[in-house]
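Dear colleague,

Please find the structure below, handed over for your own work. A summary of the findings follows it.

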Amino acid sequence: MEFSAAERRLLHADGAVTNEDLGAWEEEFGRVAARISPLFYRPESRGHAERYLRGLLAPMERKNGWTIAEHAGEKEPKALQRFLNLTPWDAGELRDIVVEYAMERFADPQGVLIADPTGFAKKGKKSAGVQRQYSGTLGRIDNCQIGTFLSYANTGGDRVLVDRELYIPEESWFGDRARCAEAGIPDEAEFATRPQQVQAMIGRARAAGVPFAWFTADEEFGQNPGLREYLEGAGIAYVMAVPKNTACTDARNRETIVWDLPARLKPNTWQRRACGTGTKGFRVYDWALVNSADPDHQYMIRRSIDDGELAYYHCHNPRHESFGELVRVAGSRWPVEECFGAAKNETGLDNYQVRLYRAWYRHITLSMLALAFLAVIRHDAKKGHRDLWTTRRAPGDKHPARARTAPAAPVG
């Protein structure tokens with residue numbers, strides 16, 4: 001990759017990165033560029049793809065058409081804008097390459113698929129799917145786009161984004177086909193809820209042969225009966241968060257809601273277990289497992305050690321896996337947040353300046369490929385007993401200086 005003289009001095013100051021590392025990373029980037037080259041018919045388009053990908057990996061705070069063009073030595077971003085908006089190439093095929101590339105390093109029969117939406121704040125009304133809507137990422141109702149993502153985490157601590165869908169609100173968009181046409185939303189596109197988008201992405205992962213043992217997600221998906229029915233019909237085990245008013249039956253076939261379960265538990269039912277690691281060390285909670293009238297279904301309760309706050313999970317456990325395995329899967333939800341953090345901080349996931357539907361998919365998928373590249377670099381560094389996904393501080397700097405081709409994301 002390309003580094004300024006100052007960045008090279010910073011990287012070498014603590015002996016973390018050597019010229020051999022830089023050479024290996026450049027070779028890996030060359031393999032990635034060669035892998036995606038067949039997607040583009042013209043040499044100019046292949047060049048634009050490589051320059052855009054390099055820009056997404058470059059040490060810049062903002063990564064949009066202007067900054068990437070400047071990084072590539074171009075006077076204006078028109079060529080890269082045409083590449084995203086007009087040049088003929090298939091972002092779906094690029095997504096398939098991302099999955100193939102990631103699975104070559106990270107495939108794990110005990111892997112976990114994780115679904116989660118993330119918001120992208122936007123101004124105006126022209127960007128595909130934008131409207132005032134609630135975003136958990138922003139923590140409020142705001143003018144934004146919502147992307148639904150599928151992440152993959154293996155038992156070795158590797159994690160990567162493997163699929164994405166842009167959520168298009170029904171009434172404000174599909175109720176106005178002229179608006180859809182202006183934003184480049186295809187005529188054949190139909191409204192899909194976020195759980196339906198997740199179902200489609202899981203289907204693509206299965207068709208691609210992605211090995212996984214579990215699926216996990218937050219309350220939005222855990223409370224959706226259509227998604228649960230799909231997963232159970234496909235024989236997919238899951239641990240999904242559910243709201244506290246979720247109806248359930250206990251082992252005696254008594255109807256109740258999950259909020260009432262903790263009061264029925266004996267003190268020795270709770271077990272203190274870690275469900276992964278974060279920036280502050282192990283994530284440790286008290287956990288309780290409650291059987292239901294159906295032997296394949298259980299309910300799990302997580303209690304905070306600090307303030308006693310409770311969270312609830314619906315577990316479809318047809319293989320009757322252990323309590324510890326269910327806790328592990330529940331903790332696997334955090335890697336998708338770490339993927340979002342790394343992709344937004346390091347590969348420009350949310351820095352795009354495009355409005356068209358197709359251009360959103362193109363930018364987002366290129367960012368996912370860049371993130372997969374960084375995950376591969378991290379994976380190879382771990383094999384050499386070094387983890388480069390760390391945050392370093394330059395002398396006298398008030399803000400963490402990023403390790404320039406390894407994302408400043410929490411390890412865990």
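**Findings**

Ile305 is partly exposed, its relative accessible area being 37%. The model in which this residue sits is a predicted one. Ile305 belongs to the loop that runs between β11 (297–303) and β12 (310–316). Together with Phe282 and Val284, Ile305 makes a nonpolar surface patch of about 280 Å².

As to the protein overall, its secondary structure consists of 14 helices and 14 strands. Of its 412 residues, 54% are buried. The accessible surface comes to about 18900 Å², and carbon and sulfur atoms hold 48% of that area. Among contacts with a separation of 6 or more, 63% are between residues 24 or more positions apart.

Helix α2 may interest you next. This helix covers residues 19–36, has 18 residues and reaches 26 Å from its first C-alpha to its last, close to the 26 Å expected at 1.5 Å a residue. Its buried residues are Asp21, Leu22, Trp25, Glu28, Phe29, Val32, Ala33 and Ile36. Viewed down the axis of α2, these buried residues fall within an arc of 145°, so they line one face of the helix. Asn19, Glu20, Glu27 and Ala34, on the other side of α2, are exposed.

The salt bridges number 25. In one of them, Glu28 pairs with Arg105, with the closest N and O atoms 3.6 Å apart. Glu28 lies in helix α2 and Arg105 in helix α6 (residues 91–106), so this pair ties together parts that are 77 residues apart in sequence. Glu28 is buried, at a relative accessible area of 4%, whereas Arg105 is partly exposed, at 26%. Arg105 also meets Asp380 in a salt bridge of 3.0 Å, N to O. Because Asp380 lies in helix α14 (residues 357–383) and Arg105 in helix α6, the pair ties together parts 275 residues apart in sequence. Asp380 counts as partly exposed, with 28% relative accessibility.

A further salt bridge joins Arg319 and Glu321, whose closest N and O atoms are 3.1 Å apart. Both partners are partly exposed, Arg319 at 39% and Glu321 at 26%. Elsewhere, salt bridges that share partners join Glu28, Arg31, Arg105 and Asp380 into one network.

Finally, Ala241 is found in strand β6 (residues 238–242) and is buried, with a relative accessible area of 5%. Beyond its neighbours within four places in sequence, Ala241 has contacts that include Ala217, Asp218, Tyr312 and Arg333. The C-alpha atoms of Ala241 and Thr216 are separated by 8.0 Å, the two residues being 25 residues apart along the chain.

With kind regards

Terms used
Residues are numbered from 1 along each chain as its sequence is written. This is a predicted model: local features need pLDDT of at least 70, side-chain atom pairs count only at pLDDT 80 or more; totals for chains, interfaces and linings use all residues. Side-chain values use heavy atoms; hydrogens and water are left out. Patches are made of residues with over 30% relative accessible area and no salt bridge: like charges are joined within 9 Å, nonpolar side chains (Val, Leu, Ile, Met, Phe, Trp, Tyr) within 5 Å. Accessible areas come from the Shrake-Rupley method with a 1.4 Å probe; for residues, only the protein chains shown count as cover. A salt bridge is a side-chain nitrogen of Lys or Arg within 4 Å of a carboxyl oxygen of Asp or Glu. Helices (H or I, at least four residues) and strands (E, at least two) are DSSP runs, numbered from the N terminus. Buried means under 20% relative accessible area, exposed over 50%, partly exposed in between (1.4 Å probe, protein chains only). The expected span of a helix is 1.5 Å times one less than its number of residues. The arc is that of the directions from the helix axis to the C-beta atoms. Contact means heavy atoms within 4.5 Å.
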